[in-house]
Amino acid sequence: MSAGEHSLSLPEEEMLLLTGYMQEKQEQVDRALEEILPPAPDCPSDIVEAMRYTLFSGGKRLRPILVLASAEAVGGRGEQALPAACAIELIHTYSLIHDDLPSVDNDDYRRGKLSNHKVFSEAMAIFAGDALLTHAFMVMTDARRLPDTDPALMLGVAGEIARAVGVEGMVGGQTVDIISQGREVEPSLLDYIHSNKTAALIRISARSGAILGGGSEEEVRAISDYGGKTGLAFQIVDDLLDISQSGETEGGDQQLGKATYPAVHGVEKSRQRTVQLIEEALADLSGFGPAADPLRRIACFVAFRDH
Ligand code: GRG
C-alpha cells in the first residue's frame, strides 16, 4: 500500500483483507474479554450484567484492534498487548455508557439497542461505567496476565492510558464539549475538544500497542502521530455521519447544540480535512513495511466508514 490519495478509498481486494483482519482480531478480543469479565464472577450479578450488556452489544472493537495491529507493525506479537487492548475497550465502553446518560447526551439507543440506563437504571449505568473503568486498570496491572511483559513497561503504559483518558485527555475534552453546548466555539477550541474527547483514546491505543510490541522510540512516535491524526479524522467523520444519517431532521449533535466540525467549518471543508488527516497519518507510517498494512487499511476505513 502507498500513501497516495488514490489509495484512500480501499479497492475491493484491500477491503476484503481489512474485513478478514478485523474479524479475526475482533474474535480474539471477544474471547479475551469473556475471560476477564465472565457472567458470574464473585460479585453482584446485577452490576456484571449491566457491564456485559454494553461490552457485548456489537462494538466494532476499533481501539483494541489498533492496539494489536500497532504491536504487530513494530514486529511484536499481538498477544503481548492483549491485556492493554482489552483494558482500552473496557474504558471505551464506560465512556459510551456515561455519554448516553440523561444528564449527558440523554441517548435512549446505542448501536441500535436500548442504552444501558434504559435497560438497567441510571444508578446502575453510572456504576457499570465506574466498574468498567476500574476493571481496566485491574486487568493491566495483573502480573499473571503478563508473564512475558516487563512490569516497568506495563506500568508506564498504564500510566499513559490513565493520562489519556483522564482530565488531561478524554474527560477533559468531554467536559469542555458539555460546557460549550449551545455556544459559538472557536476552531482552536473545537480542535481541543475533538483531540481530547475522541482522538486521545485512539492515539493511546496505537501508542500502547507500539510500546508493548517492543517498538523503537522513533517507531512509537510515528505510530502515536498516526493514531492522533486517525483519531481526529474518526471524530470528524462521526460528526459527518451524524448529519448524513439523520436525513431531514436535525442530527443528535445539532439538537444538543454541540460543537462539531461541519457546524464550525462546513461539510465540504470537513471532508477535505478528513482526507488530509488520513494522508498525513499514512505518511507517518512511511518508514514501515508491509507489517503496517493493517494500520494503513484501518486509517482508510476510518475515513470512508458508514457506521
Ligand atoms: C466527563 C461528562 C463526562 C462523561 C464521561 C468520557 C466520556 C464520558 C465520554 C467520552 C466522549 C465520547 C463518548 C466520545 C465519543 C467517541 C465516539 C465517536 C464513539 C463511538 O466510537 P465507535 O464508533 O463505537 O468506535 P463502537 O460502537 O463501534 O464501539
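Colleague: How do the residues lining the largest pocket divide into nonpolar, polar and charged?

Modeller: Bearing in mind that this is a predicted model, the lining of the largest pocket divides into 12 nonpolar, 16 polar and 20 charged residues.

Colleague: And what volume does the largest pocket have?

Modeller: The volume of the largest pocket comes to about 1,600 Å³, and 48 residues line that pocket, those closest to its centre being Leu96, Asp99, Asp100, Arg110 and Asp238.

Colleague: Which elements give two or more residues to that lining?

Modeller: The elements that do so are α3 (62-73), α4, β1 (109-110), α8, α9, α10 and α11 (252-255), and among these α4 supplies the largest share, with seven residues of the lining.

Colleague: Switching to the ligand, where does it sit?

Modeller: The ligand sits in the largest pocket, and the elements that contribute two or more residues to the shell around the ligand are α4 (82-99), α8 (170-179), α9 (187-212) and α10 (217-244).

Colleague: Which of them gives the most to the shell?

Modeller: That is α4, which gives six residues to the shell around the ligand.

Colleague: How many residues surround the ligand, and which are the closest?

Modeller: The ligand is surrounded by 18 residues, of which Lys60, Arg63, His92, Arg111 and Gln174 are the closest. By kind, the residues of this shell divide into five nonpolar, seven polar and six charged.

Colleague: What is the distance from the side chain of Lys60 to the ligand?

Modeller: In the side chain of Lys60, an N or O atom lies 2.5 Å from an oxygen atom of the ligand.

Colleague: What about Arg63 and His92?

Modeller: For Arg63, a polar side-chain atom is 2.8 Å from an oxygen atom of the ligand, and for His92, an N or O atom of the side chain is also 2.8 Å from a ligand oxygen atom. As for cover, the ligand taken alone exposes 760 Å², and the protein buries 87% of that.

Colleague: Back to α4 then, what does it give to the shell and to the pocket lining?

Modeller: To the shell around the ligand α4 gives six residues, and to the lining of the largest pocket α4 gives seven.

Technical notes: Residues numbered from 1 in each chain as written. Predicted model: local features only at pLDDT ≥ 70, side-chain atom pairs only at ≥ 80, totals over all residues. Heavy atoms only, no water. Near = heavy atom within 4 Å. Polar contact = N/O pair within 3.5 Å; in protein donor to acceptor, adjacent residues only side chain to side chain. Areas by Shrake-Rupley, 256 points an atom, 1.4 Å probe, with all protein chains shown as cover. 1 Å grid on protein atoms, 1.4 Å probe; cavity = no way out; pocket = protein on both sides within 12 Å on 5 of 7 lines; lining within 4 Å. Sits in = over half its atoms within 2 Å of the grid points. Helix = DSSP H or I, 4+ residues; strand = E, 2+ residues; numbered from the N terminus. Nonpolar A, V, L, I, M, F, W, Y, C, P; charged D, E, K, R; others polar. Points joined across faces, edges and corners; volume = space filled by probe spheres on them.
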